[in-house]
Amino acid sequence: MRKRLIYVGLATLALSAMSASVVAASQADIDRGKELAFSRKDGNCLACHKMDDGKLTGTIGPELANMKTRYPDRNVLFKRVWDETQFNPQTVMPPFGRHSILSKEEINRIIDYLYTL
Amino acid sequence: MPRAAKTILVIIGAVLVIPSVLAGVNPEADRKAAVEYFKQMFPKVPLKEFVNGQYALDADRRAQWQSLQDFPPYEFAVAEGKEMFETPFANGKTYASCFENGGIGIRQNYPYFDEDKKEVITLELAINQCREANGEKPLKYKKGDIASISAYMASTSDGKPFNIRIPDDPAALAAYQNGKKFYYSRRGQLNFSCASCHVKNPGKWIRADLLSPALGQPSNFPVHRSKWGELGTLHRRFAGCNKNVRAKPLPAQSTEYRDLEYFLTYMSNGLPVVGPSTRP
């Protein structure tokens with residue numbers, strides 16, 4: 001029961017995060033997003049994904065490219081970074097939002113950056 | 001991290017996913033399924049090669065590694081281990097008195113399940129139990145003297161196939177299952193199980209590290225890692241892999257890590273002992 005409540009709570013949190021972020025991203029937002037995505041102590045996306053000019057990238061996940069075409073709906077992209085296990089329970093991608101690895105604000109900056117790829 | 005978030009992590013960490021791999025009806029079925037699974041994943045790698053971990057999977061890395069084998073960095077530690085092994089305790093007895101065959105050529109039988117004590121006995125634990133039985137203080141478990149002694153003992157088993165037994169005792173099977181469950185449980189803020197990396201993704205790169213398969217992993221321990229600049233035990237590596245996913249590492253030789261070693265080494269039955277070795 002307690003667990004159920006927490007899940008519901010998280011879902012609401014995630015939803016409000018998404019609607020709040022439709023404003024156009026500034027260059028500063030994009031730069032911050034790249035920093036968060038590349039840094040080992042934050043997103044560390046390069047551990048698994050080839051993307052942009054990232055060096056020493058891992059090969060566990062698919063290359064992140066053409067994000068605008070592939071994710072016309074920002075909410076979908078947000079949800080995947082928030083918790084990929086919702087889409088694929090077996091995935092090894094960390095549930096960045098659900099496990100508080102990144103805040104919703106940080107995930108939104110990363111998404112601002114992903115849309116430039 | 002706020003306390004609420006931590007509570008959520010703990011709750012979620014309890015959810016367990018066991019993929020079909022290694023989900024056999026008994027340990028031997030698990031082992032055979034694992035061998036089959038990794039053979040299919042790496043059809044060109046001969047079974048015995050799995051003891052070389054990442055070096056079995058990448059020709060460039062292997063060539064680099066082999067070029068460094070003329071003067072292995074653990075040689076001195078093994079010689080020291082031999083000397084300690086042969087030096088009598090204050091009571092005049094030696095380590096040899098505690099082990100079958102005087103401790104020579106027995107590494108492949110560890111860990112084993114002690115049916116009287118109802119627990120898994122690893123080689124390092126047996127070394128310390130021997131010391132304590134002879135009035136000596138136990139050694140620290142992750143590095144230093146214990147790694148040197150264990151490395152020397154492993155070197156006397158070079159090439160012998162692992163022969164881990166699970167006696168017909170529900171407690172032994174439970175210890176094995178507990179280790180298996182540990183291997184497949186997601187943990188830590190980053191939500192990985194051991195299997196996420198070493199069953200699902202061996203052969204793939206995680207940043208600049210090449211992931212090794214579960215099969216053969218314990219064979220080369222204790223290991224000299226360039227990162228450590230010295231020898232370390234298997235439980236030191238377990239703790240490192242736990243920390244990397246931001247999970248709290250457990251104490252070396254805790255019941256959980258011993259059960260984990262029991263499961264993991266059972267998977268490597270039939271593969272040769274090659275420790276000590278070197279890794280990045």
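The report below starts with the model itself and then visits chain A and chain B.

## About the model

This is a predicted model, in which local features need pLDDT of at least 70 and side-chain atom pairs count only at pLDDT 80 or more, while totals for chains, interfaces and linings use all residues. Residues are numbered from 1 along each chain as its sequence is written, chains are lettered from A and ligands numbered from 1 in the order in which they are written, and side-chain values use heavy atoms, with hydrogens and water left out.

## Chain A at a glance

Chain A has five helices and zero strands, so that its elements read α-α-α-α-α from the N terminus on. Helices (H or I, at least four residues) and strands (E, at least two) are DSSP runs, numbered from the N terminus. Of the 117 residues in chain A, 47% are buried; buried means under 20% relative accessible area, exposed over 50%, and partly exposed in between, with a 1.4 Å probe and protein chains only. The accessible surface of chain A is about 6400 Å², and carbon and sulfur atoms account for 58% of that surface. Such areas come from the Shrake-Rupley method with a 1.4 Å probe, and for residues only the protein chains shown count as cover.

Contact means heavy atoms within 4.5 Å. Among contacts in chain A between residues at least 6 apart in sequence, 50% join residues at least 24 apart.

## How confident is the prediction?

The pLDDT is the predictor's confidence in each residue, from 0 to 100. Chain A averages 87, and 80% of its residues score at least 70. Residues 1-21 of chain A have a pLDDT below 50, and this stretch has 23 contacts in the model beyond near neighbours in sequence. Where pLDDT is low, the predicted coordinates should not be read in detail.

## A sheet in chain B

Now to chain B, where three strands form an open sheet in the order E6-E5-E7, with mixed pairing. Strands E6 (230-232) and E7 (277-279) of chain B stand at the edges with a single partner strand each, so one side of each is left without a neighbour in the sheet. From one strand to the next, the twist averages 40°; angles run from 0 to 180 degrees between N-to-C directions, and axes are lines fitted to C-alpha atoms, for helices over the stretch in contact.

Two strands pair if DSSP finds at least two bridges between them. Strand E5 (residues 223-225) of chain B pairs with E6(B) in the antiparallel sense over three bridges, and Arg225(B) stands opposite Glu230(B) in E6(B).

## Aromatic rings

Over all chains, the structure holds 18 aromatic pairs. Rings of Phe, Tyr and Trp (its six-membered ring) pair if their centres lie within 6.5 Å; planes under 30 degrees apart count as stacked, over 60 as edge-to-face and the rest as tilted. One of the pairs is Tyr37(B) with Phe38(B), edge-to-face at 5.0 Å centre to centre and 80° between the planes. Tyr37(B) is partly exposed at 24% relative accessibility, whereas Phe38(B) is buried at 1%.

## Backbone details

Two cis peptide bonds can be found in chain B: Tyr110(B) to Pro111(B), with omega about 0°, and Gly275(B) to Pro276(B), with omega about -5°. Pro276(B) sits in the loop between helix H10 (255-267) and E7 of chain B.

Asn44(A) has a positive phi of about 50° although it is not a glycine, and Asn44(A) is partly exposed at 22%.
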